[in-house]
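Okay, thanks for coming, everyone.

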Amino acid sequence: MSLRNKEDFMSERKKLYALSGALVAICALFFILNAISSKKSSDFSKEERSNEQNKQQIEQKNKETSESESKKDEDAPKSAFLIPKAKNGATIALILDDAGQNTEFLSRYTSLPFPFAVSVLPELPHTKECAALVRKSGKELMLHQPMQSENLSLYPGPGSIQPEMTTSEIAAIIEKNLENLGGGVRGMNNHEGSLITANAVKMGAVLELCKKRGIYFLDSRTTTQSAASAVSLEMDIPILERNAPYIDNEIDREKMLSRIYETLNFANAHGQAIVIAHVDKSANILPALLLELYPHLIQNGYRFTTPSTLLKKTAE
């Protein structure tokens, strides 16, 4: 073999070695990339399986929560009432007027499972027993102070404030009536009284006595001409006012229910409602209606309170 041929042969051999090395490198790279791809695919598969498991767990939890909520709804009291959901912390302060006639009707109310106030008329045959029953039940006791109405032919009852009375006579009659009820009286409101509550001087005497005795005054609002609010501002003595309709002006279950719905709407708009009903007048309908309504009202977010608690929160 000539020298040139030998050199050509060696050159071709080196190229072959280089090509072989390149092929080996390419194969090695291929295997490495394939291994990486397999690992990623395996990791992705694991992640996918994990995500699927998490998804199944979430779906199972949501199903269990849904079933639990459904069971709660089934266990919750079914309502035949059109009760809106409470708004603005809707709170109801109920006052039952005209107690003192008998204890039988009053006991239908005092057994109700929520706080309210009972306002007892003075100097009636069962005044003391009714006041004692209110105290024993834990409900809030009020004096239902008789006051003369604009219709002078209507006598508001014993212990009443009359238009000819002086301020000292007004204070004296209220003191006597409070003693007649016994201890634990937290406040008072007017029985009738459209003539007296419209008189700023006489209402000043009433509020002065309330301040002295540490009791609140609640204006029953038997007249739109009441001076109680203006006098209270002038004397810096906070008072309360009925701001919802009388529940039982008409002794009919559906009409009473309509007045209660109006009360709820007012409470939702303003945060609270002060509403009045009457012990003897509606005793054959209202206690049972309130007892039936109560769980549905609570379920929908309403709260019950007493006038004294409401006044305290208002003052804060």
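I'll talk about the cavity, then the salt bridges, then a threonine and the cysteines.

Some ground rules before that. This is a predicted model, so local features need pLDDT of at least 70 and side-chain atom pairs count only at pLDDT 80 or more, while totals for chains, interfaces and linings use all residues. Residues are numbered from 1 along each chain as its sequence is written, and side-chain values use heavy atoms, with hydrogens and water left out.

Rolling a probe the size of a water molecule over the atoms shows where empty space is left. For us, a cavity is a set of points, on a 1 Å grid over the protein atoms alone, where a 1.4 Å probe fits but cannot get out; lining residues have an atom within 4 Å of a point. Points are joined across faces, edges and corners, and volume is the space filled by probe spheres set on them. How many cavities of 30 Å³ or more does the structure hold? One, and the largest cavity has about 120 Å³ of space.

So who sits around that space? The lining is Ile92, Leu94, Ile247, Ile260, Thr263, Leu264, Val275, Leu290, Leu293, Leu297 and Phe304. Strand β1 (91–99) and helices α8 (253–270) and α9 (286–299) each put in at least two of the lining residues. Those labels are DSSP runs numbered from the N terminus: helices are H or I with at least four residues, strands are E with at least two. By class, the lining has ten nonpolar residues, one polar and no charged ones. Here nonpolar is Ala, Val, Leu, Ile, Met, Phe, Trp, Tyr, Cys and Pro, charged is Asp, Glu, Lys and Arg, and the others, Gly among them, are polar.

On to charges. Side chains of opposite charge can pair when their charged atoms come close. A salt bridge here is a side-chain nitrogen of Lys or Arg within 4 Å of a carboxyl oxygen of Asp or Glu, and the count comes to ten.

Have a look at Arg213. Its side chain meets that of Glu175 at 2.3 Å, N to O. Arg213 is in helix α6 (residues 200–213) and Glu175 in helix α4 (residues 167–181), so the pair ties together parts 38 residues apart in sequence. Arg213 also bridges to Glu179, with the closest N and O atoms 3.8 Å apart. That pair again links α6 to α4, across 34 residues.

Glu175 is buried at 19%, Arg213 is partly exposed at 34%, and Glu179 is exposed at 53%.

Next, a threonine. Thr306 is in the loop between β8 (303–305) and α10 (307–315), and it is buried at 10%. Leaving out residues up to four places away in sequence, Thr306 touches Ala93, Pro115, Phe116 and Glu140, where contact means heavy atoms within 4.5 Å.

Last, the cysteines. Cys130 is buried at 0%, and Cys210 is buried at 2%. And how many disulfides, meaning pairs of cysteine sulfur atoms within 2.5 Å? The count is zero.

Key
A disulfide is a pair of cysteine sulfur atoms within 2.5 Å. Buried means under 20% relative accessible area, exposed over 50%, partly exposed in between (1.4 Å probe, protein chains only). On a 1 Å grid over the protein atoms alone, a cavity is a set of points where a 1.4 Å probe fits but cannot get out, and a pocket is an open set with protein on both sides within 12 Å along at least five of seven lines; lining residues have an atom within 4 Å of a point.
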